[in-house]
Structure formats: structure tokens, C-alpha cells
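Please examine the sequence and the three-dimensional structure shown below. The paragraphs that follow lead through them step by step.

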Amino acid sequence: MPGPPNRRSVLAAGLALPLAGALGACTSGGGRSTTSAGPVRITFWSALRGSQEVVDAFNRGQNRIQVVFQQIPSGGQGGYAKLSNAARAGNAPDVATIEYPQVPGFAIDGVARDITDLVSERLRNRLLPQALGLTTFAGRVFSVPLDIEPMVLHYRRDVFDQHGLAVPRTWDEFAELARTVRDRLDGPRICLFATVPSGGTHFAAFCWQAGAQWFDTGDGAWNVSLADAPTRRVAEYWQRLINDDLVISGPSEGRQNDSYIQQGRLLTRLSGAWDAGAQMKARPGQKGLWALAPLPQWDPARPALGTHGGSTFAVTKDSAHPEAAMEFIEWQVSSPDALRARLSSGTSSQYPAVPDLAEVGRAAFDRAYYAGQDIYTLFDQEAAKIRDGWIWGPRMTATLSVMQDGFARAAAGQGSLIEAVRAAQAGTMPDLAALGLATSEHTN
Amino acid sequence: MSTPTALRPRLLGRAAVNVVVGVSVLYTLLPALWLVLAASKNADALFGSDVLSLRDFSPLENLRDLFAMDKGIYGRWYVNSLVYAVGGAALSALVSVACGYAFDKFRFRHKEKLFGLVLAAVMVPQTVLALPLYLMASGTGLVNTFWAVFIPVLFNPFGVYLGRIFSEGYVPGEVLEAARMDGAGELATYFRVALRMLGPGVVTVFLFQLTAIWNNFFLPMVMLSNQRLYPVSLGLYSWNSSATVSPEYYPAVITGSLLAVLPLIVAFVLLQRFWRSGLTAGAVK
Amino acid sequence: MVTVASPAAVPRPAPVTRSVARRGERVACGVLMAPFFTLFVLVFLIPVGTAVWLSFFTADEPGLGFGPERTVFVGPRTYQAVLSDPTFLRGLGVVGLYCLLYIPLLVVAALGLALLLDSGAARLRSLAQFGLYLPHVVPGIIAAIIWLYLYTPGLSPVVDLLARADVTVDFLGVHTVIPAMVNIALWSNLGYNVVVFYAALQAVPREVVEAAVVDGAGPVRTALGVKTPLIRSSIVMVVLFTLIWALQLFTEPMLLSQSSPMVNSRFSPSMYIYDAAFTRNNYGLAAAASVILLACTIALSYGVTRWTNRSAAGRKATS
């Protein structure tokens, strides 16, 4: 019915525009091409703390791109399932957060888009090459690293001092120390051998350091050799520590592990750089008791290291604005303002994949908990040792989960670590075959 | 456990028979009794394995804690379960019995083959249907909604089988003939005459499906990610997994379990004869 | 969805006197059947068809898999993958062992109790039946929770009592975890099957039993030699339904997997299917595993009915 528009319809029209934009962003990941002059809207999902602060800072700093952030559960808690489901329904966010081991899986499933041509030369040069290597497959880049986490040794400085224990520099020294701890101290053990739910990533870091190459993409095929010589060496090493009751083997998360650390029954933790900040938050009462040192080496003359933890950002297939999404990602991983915003939400000791940002982390980090130790200098030095060329597999969550089940059985006295590793390979190959991937298997 | 050696009343006497039956009843009842006791004890008694003593009762406190846990989401789960189960079972019973009645009273080509197909559906595992149902729900945008759980549970081929048997037993042909003589249409006859006679059968099918839906765990697990849509079964499962890390969930899981069993026990006690008619109809045939 | 029911509603070309009523009958039949068959197609036929389709046509990821994917006919590839997966085969083995333990135990125990109740020697029969039946109304997940806690040291009075008697049992250990699950299922279903058998025994004509007694058969021979063969069809039904139910083993291991390292995420075929579909995002693999599970169910059910038919025929021939 033609006539002068009444007040309500004007209001409705005024509301409809931004609302339609928001809805579009939510339900189709901004899947329609926006031709209007307003800012480009992109959506961003992450489980990382401080993401809201980063997004706010980004939105404040410019007016061309408007990021809408949604906090989601971490990957293992349902975050990855949510992402897969959304991608299947065609409404994945423009930018998703994916941890390193899951990057190839999401790339193969077509959730993470090939962004090789969107990564600027400047960003490429600033990223730690080993970090970018972990998200690059057959020369194509599928996500951009935020942090890279060299595995380090967190140890109880007070107990070490009290009993005159020396920080081990090699794994042989570490095993010797484990024996000393068992024999001289009543109750405590040198460390935990983690089983579920994250023992697989711990073990992978050990093997990575020792020179293992679980997956290899040479000759255009996934060559799988989980039980290669370095891995067998690592498995034998830890098997001996378990058999001789030198370590506690059990769940890496949960009440029991927490109380072990709380009660001082574990003298070291072998984990990524990020864990220094996590420890501060989880156990403020242990202030001053912990210090950090390099992870023991197999051969100190040729030091090498694996990583433990770390996240990356991917642009998804559903994104209608990949350039804008990439601009946001680049800012997030490489701008000092972004890191400052992230750290403003609370303590973190993550090591940035753009190493020149470490200065920002150093400045923001309260050293009191670690009795003034400059942990970022340690991280700088350790990050350089990360062995290049490690490749995560196409179905890493499942591979690690089979392996961890085996670890849990081994911890209960059933089977061995190397059997768990072999079982993981046997349980992975059919998965890859069913996907139609070219594979070859090495069971040496 | 009873063994064939216990089947010798003459040698072992009546006493032995009664002991075997009595022990079996204890085996089935004691765990249920444990649940009742554990749900009414405070957490200290629970963790001290001190459930069997007569001290430390705090049933009301436990209930209060249960409904306070995670902002009272248990109440929400309970209501969800009631809606899924009562609504689903009622609708499902009507649909199944109507179909069973039609199978009994009407003749058409390939009837028995079609009926065989319906019966074969009983054999198909839920897990086989789960992924396709999930993909269909995902495609239609129903995933993670009430309907994703509600619609599949309406399908109950065993109910059709029971419906046919009840129709044979409860609705004599002469009654239908008489209704037709009075000029009533087929549908009117069904709704005004036959359905009333089938009442007990509908209740039986309803009860079976009520239990099945209340038990249902796989389908909600596949379909739902929003905790607020969970039925009790899935909610308790998720709490139990939290309990492995945070033990304060244990008392809530136990009290919640007891409360979740109550409606079924009430239905069972009040409507006992309907259960039995379903069991005998289902098994003797 | 009238189209669904209409082929079924085609009248039989038989001599019918009430030809005027046929049309109304056809409509009524269609109306009464339509809701059920709508569901039948929607939540049964299409999903089963989809499962079969997914197992043959799946997203193909050639080479390293980073290129665009396309859906193609992959033939038996997915089936080969599933059947070469040791974790799936172990799951089949687990479920096989579970059935071998559970089904005979359940049938023998339930039949034994029903015969005892029917023998006239037992007292308080309906009370006993009520007590035995009660666990059946406890939902499976809650039965699993109850028993999980009864197996857990620190929570369980059973473990506690045994510990006081210097007996340590790990109910969720390597060799005990399957019996532990059998126990949960037995507890849930024993009473149900006792009631089924007892009802069948009640229907046995008294004269037959009396005749046997007159012939000098003792109570045991009467029970095993006379009554039991007469309720054969009930026993077959129970075996069949128990088998179908047991092959789907999911709820109990899913719950126990939260507490026991002996139960992993691919413990039974149903758990394997869930894991393949929803944590590995490998639909083809999940679909092929479902079709294999379905085929096993059909084959075993067919085997049970065939075997009992043959043994019945054999018995008739010899007697």
C-alpha cells in the first residue's frame, strides 16, 4: 500500500541493515559479497584467552574491517567438532584457530583454505622458518602460526638446591638424576610420563627432538614411519624409566597430576614455553620454587628440539573476504599492539612465532614468580634449536589418541610404549587409505 | 547366580530353591539400594565408602546441591527428558498402534512382505542410522535442535508389531462389522470404537517407548552440542566425565541418577499389568 | 506422503462383496499407515540407503590430499580399509567375546530362575519377579554409572569390603573389563527375561506336565525335558533380541572409557563408528563400518533362526 512510510517501518529499515550484516556474518561466515561502502565484516573463532582484547584493539585501530569474535571451546573439548560441523553446513567463520597437529587434517578436509598467495613477503620473512614450515605442505601455506613453543625443562629450583642436584644437560644425565631422586628423596619422582589426554604430544616432542620423522610428504605421498629408529630409541628410554619406577606414568591433566605438582612429588615438567605462564596462574603458592632450563639433549654438540603446543590461524573455505581475513591474521600474529592486547588479559609466556615480538612478551612478563629469571632469553635461544622439517599427519588427533590409549595400557603394565606407537600407525593407515590419500608405510 | 545344578528341588529341597531365588533378588536389588543410600549420604560418607552405615544422611542437602550445580541445569535436563520421553512416546504409540491396526484389519497386496520389512527394521543398530541422520539433520539445519532428537524417536517398528497383536486380540471383527452396519466410516470406526478397545495396547506401547526414549543416549550425543537441550542421560554422562577431573560432581551424578530413575519406577509400579501384557505379547508369539 | 502408503493400499483383486466399502477402506488404511511409513522412509530407509551410499561414494583426496576433493565411486576401497584396521577388528573380537559370555549366561540364568519360580517350590513369586525386574527400568547409562561406582575403589563398598578381607580386585583391569560389562548387562536384563520365560511357562498346558509326572519324571526332568522344549520359541526370541542388542554395545563402554584405560575410543564396533564419523571426520569409513556391523547382525540373526529351525526339525525326526 503506497503512502508515506510510518515511523515503525523507517525504524525497521534502519535496524535491518546492521542486523542483516550481523546475521550474514554469523550464519554464512559473511558468505555474501558485500558491495556496500561500510566496513567488511569477518568472523573469528578461537578458544585462546585474550582473543576478545585482540579483536577489540583491531577494531579500534582501523575502520575498514570489523571483526566479530566468538569464544569457542578448545579443540579437544569440542572446538574442532564445532568447526568441522560449521564447515559442513557452509557457515564456518572467516578465521579459525587450529593447533599445529590438526592443520594438515583441516587442510585436507578443505576447511582451511590455501593462503599461499595471501601471505605477504614481509610476514613470511618475520616468521620463524620452522614455524611456517609446520603449516606449509607441498609448498602451499594453509595457516599462519601465532606462537611456537620450544619444549623446555621446568624444574623445582628449591629442591634441586636443597639436595645439590645439577640440572641435567643430556638425557643420560636426566636418567641418572631420575635414579638419584628415587633413591635419595622419599616419594618424589623426576617427572611424569604423560598418558591421556595429551601424552601423545609430549612423546611426539621427544621424538621430534631425537630426529624422528613420523610423516613425510616426499614423492607426493604420505610416507608414514611412526616407529623409526629415533622413535624406538626414545620409546626404549622412557620404557626403562617406567620399568625402573623412576617416573610416575599417568594422566597429564586432572586432579591427580595437579596434586602431584602441588605436593612436590614431581620435580620437573617437560613442556612448552607457554607452561611457565600456566604454572603461575594455576599454582601461585609455588612462587619462587620453579626455574626453567633447556631440555636435555641427546647430543649436546648438535642440539635439537621439538615443540609442544602452539596455535595457528587459518582462513576457511567459507570466507567471502579472504584478503580482509588475512589482514586481520597478519596484524594478530605480527603486531606488537596485538600481543600487548593479548597479554593484557592475564599472564602468558607464549613464545611468538614472529621472534622479534619476544621483546614485547619480555617487557610484559612479571619475573617475580621465577625469581627474576629472564625466561624469554632462554626461549629465544631454544626456539632456534627447533628441528626443521617435522610434519604432522593427516589425522593427528586419532593417531595420537590410539597411541595414548597404548601408553595408558603400558602404564598399567600391559604392553610397551613401542607397541603403542606401532598400534597408532596400524590404526592410522586405514584412515588415510579410506580418504584416498597416496600412502606408503615404513615399519622398520 | 543360579545354575542348572540348582534345579533339583527334590535333592536340595525347597529351601535351596528359595535361597537361589533370594540371592538372585539380592543381586538385582542391592545395587539399586546402594544408589538410594549413596544419594542420601553426604560427600564424606560417599568417598569414605561409608555408604552402608546409618550415619551422615543429608538427602535434602544433596537435592539442593544437585539443583544448584552448574546454575541448575539439571532441572532443565529433567524437563527436556520428560518432554522428549512423554511427548515422543505418546505420539509414537498412537502412530505405531494405528499402523499395527491397519496391518491387522485391512487386506492389501504384499501385506506380509511389507510387515516383514517393518520387523526387519527392529534389527538395524542405532549406530548405523546415526551418521546419516546426523548428515540429514545438518543439511536441513535441524542439528542441535529439539527436533533432531524428537523426530527419530517417534519411529518404533516394534510398536507396530505389538499394535497388530493387540488389534487381533482386543478388537473383534464383529464389533467393526456392527459399526459398519451403523454406517460409520472406516476411520470413524477406528477412532470412536477400535481405539478405545486398543487403549491398554496403546499404554503398553507407550510405556515401552517411554523407557526407550528415556534410555536414549546415542542419538542426543550425536545431535546435540547445546547443553541446554540435553536429556538427563546425556547430562549425567557429561557430568560423570567432569567428575573424573573434579570429584565434586560425583554426588550430583549419584543423586541425579536416582532422581532420573524415579519416573520410570513410578510408571512401572502404577502400570504393571501393561508391562506384562507387552512382554508376553512380544515373547510368546 | 500418501504416495508412500498408496502402493501398499492397492486392493487385492479378490471376490469382495462389500465393493462400495473398498474405497473407504483403502483411504482409511492409507491414513492410518501414512504417519508410520513417513517416519519409516525418513528416519529408516533413507538413512540406511545413505549409509550404503556413503560407503561406496566418498570424497576422494588423491595424492597428498591438499587439492580439491570430489565425490567419486571408490568401490570396495573403504571396506578394505575398515577390514584392514586392527582397531576395528579388535572391536569385533571384543563384541564377539562379550556375546559369547553374556548370551549363554543370561539365557541359562533367566531360564533357570523362571523354571524355579514355575516349579511351585518358590515362595513369594510375584514379589521375586518384581525385584528381579526392577533393574530393567533403570536406564542403561545409569546402570553403567551405578556399577562403575561399585567398581571404583574409594567409592565402592564392595571393593572396600573385599580390601578388608585382603582381596584386591581391579574390576576394570585387562581381563576383567569385559566380564564387568557383561555383569552390567546381566543385571539390567535378567529380570526382564525371567518374566518373559515365566509367562511362557505359565502358558504350558498343565496336562502335559502332569502326564510327565505320572510317567515318573522328576522335577528336574520335567523342567528340562518337558517344559523347556515347549517354550523353545520364547528362548529363540530372547536369544535373537539379546544378540541384536549386544552387538550394538555402546553405552557401557562409552561410560567406562571415562575411567578405565582398558576401554579406548574404538573399543566396540559402535564406538568405532562414532569415532570414525565424529572425531576422525571420515564418513566413508564410518559408513562402511556400519554396513559391516549391519551385515554381521543380519547374518547372525539368520544363523540363529536357521540353526534353531534345523535343530527343531531334527528333534521332530528323531522323536
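Chain B and chain C meet in a contact that takes 84 residues from chain B and 92 residues from chain C; two residues are in contact if their C-beta atoms, placed from the backbone, lie within 7 Å. On the side of chain B that touches chain C, helix 1 of chain B gives the most, with 15 residues. Helices (H or I, at least four residues) and strands (E, at least two) are DSSP runs, numbered from the N terminus. The residues on this side of chain B divide into 58 nonpolar, 18 polar and 8 charged. Here Ala, Val, Leu, Ile, Met, Phe, Trp, Tyr, Cys and Pro count as nonpolar, Asp, Glu, Lys and Arg as charged, and the others, Gly among them, as polar.

The model is predicted: local features need pLDDT of at least 70, side-chain atom pairs count only at pLDDT 80 or more, and totals for chains, interfaces and linings use all residues. Residues are numbered from 1 along each chain as its sequence is written, while chains are lettered from A and ligands numbered from 1 in the order in which they are written.

Within chain B, the domain assignment gives domain 1 (4-58) and domain 2 (66-284); such bounds come from an automatic or database domain assignment. In the contact between them, 6 residues of domain 1 of chain B meet 6 residues of domain 2 of chain B. On the domain 1 side, the elements that give two or more residues are helix 1 (9-40) and helix 2 (43-47) of chain B. Helix 1 of chain B provides the largest share of that side, 4 residues. The residues of this side divide into 6 nonpolar, no polar and no charged.

In chain C, UniProt places the feature "domain: ABC transmembrane type-1" at residues 92-304, in an unreviewed entry. UniProt positions are given in the numbering used here, feature names are shortened, and annotations may be inferred rather than shown by experiment. Over residues 92-304 of chain C, the chain is 74% helix and 0% strand, and the end C-alpha atoms are 18 Å apart.

Chain A contains an open sheet of 3 strands in the order 9-10-15, with mixed pairing. Strand 9 (215-216) and strand 15 (439-441) of chain A each have a single partner strand, so one side of each is left without a neighbour in the sheet. Two strands pair if DSSP finds at least two bridges between them. Strand 10 (residues 222-224) and strand 15 of chain A pair in the parallel sense over 3 bridges, and W222(A) has T439(A) as its bridge partner in strand 15.

Also in chain A, L267(A) lies in the loop between helix 11 (255-262) and strand 12 (268-272). Is L267(A) buried or exposed? L267(A) is buried, because 22 other C-beta atoms lie within 10 Å. A residue is buried if 20 or more other C-beta atoms lie within 10 Å of its own, exposed if 12 or fewer, and partly exposed in between, with C-beta atoms placed from the backbone.

Finally, some backbone angles deserve attention. Most residues other than glycine have a negative phi, and most peptide bonds are trans. A371(A), however, has a positive phi of about 50° although it is not a glycine, and A371(A) is partly exposed, with 13 other C-beta atoms within 10 Å. The peptide bond from V196(A) to P197(A) is cis, with omega near -10°.
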